Amino acid sequence: MSDLNGAGIRYEGGKLVVDKCLFHDNQMGILASASGAGTVTIKNSEFNRNGAPGSNAHNIYINAVAELIVDNIYSHDNITGHQLKSRAKKTTITNSRFYDGTGAAEGYNVDIPDGGVTSISECTFQRSPIRATSSCCTSAARTRHRPTRA
């Protein structure tokens, strides 16, 4: 898409369950719009080579929803942005792998910019030496410095 906002799945609301899927070479793997009562579950899936040069695209970007559940995913080699970015009120990530490749120089494995209730367990993180940030994960970084944005 010309606005660099295309996605393998573009979520607009309700309940979304993604199971046993592969997302690759999209501008974003999954892009979820803000949906206050919505829920997104992603399990047993792989995300790689998503993103577009010159954009802030991510392998997975979940906007302000009630809950995001991630289990047993493999997110790697994103071109730009983060492996997983969640603005959900509640984010649970389990049994997943987040590996940087050699492409993206900015971003985190997991970014939870607005904070909220977050649980990350039984995950593996690998950072590329070319990353501008040394941390694998960040939480509430946006809310400390500026208002929430969609």
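Which residue is the bridge partner of Ile 93 in strand 14? In the predicted model described here, that partner is Ile 120. Local features were required to have a pLDDT of at least 70 and side-chain atom pairs were counted only at pLDDT 80 or more, whereas totals for chains, interfaces and linings use all residues of this predicted model. Residues are numbered from 1 along each chain as its sequence is written, and side-chain values use heavy atoms, with hydrogens and water left out.

The chain contains one helix and 16 strands; helices (H or I, at least four residues) and strands (E, at least two) are DSSP runs numbered from the N terminus. Of the 150 residues in the chain, 47% are buried, where buried denotes under 20% relative accessible area, exposed over 50%, and partly exposed the range in between (1.4 Å probe, protein chains only). Among contacts in the chain with a separation of 6 or more, 67% are between residues 24 or more positions apart, a contact being defined by heavy atoms within 4.5 Å.

In one, six strands with parallel pairing follow the order 1-4-7-10-13-16; two strands are taken to pair if DSSP finds at least two bridges between them. Strand 1 (9–11) and strand 16 (137–139) form the edges of this sheet, each pairing on one side only.

Strand 2 (residues 15–19) pairs with strand 5 (residues 35–43) in the parallel sense over five bridges, with Lys 15 opposite Thr 39. Strand 5 is in turn joined to strand 8 (residues 65–71) by six bridges, also running parallel, and Ser 35 stands opposite Val 65. Five bridges connect strand 11 (residues 90–94) with strand 14 in the parallel sense.

The largest nonpolar core has 22 residues, of which Ile 30, Ile 42, Ile 60, Ile 62, Leu 68 and Leu 84 touch the most other members. Such a core is a set of buried Ala, Val, Leu, Ile, Met, Phe, Trp, Tyr and Cys residues joined through side-chain atoms within 4.5 Å. At least two core residues come from each of strand 2, strand 4 (30–32), strand 5, strand 7, strand 8 and strand 13; strand 8 gives the most, with three residues. Not counting residues up to four places away in sequence, Ile 62 touches residues including Ile 30, Val 40, Ile 42, Leu 68 and Ala 88.

Asp 100 is located in the loop between strand 12 (97–99) and strand 13 (110–112). Asp 100 is buried, with a relative accessible area of 7%.
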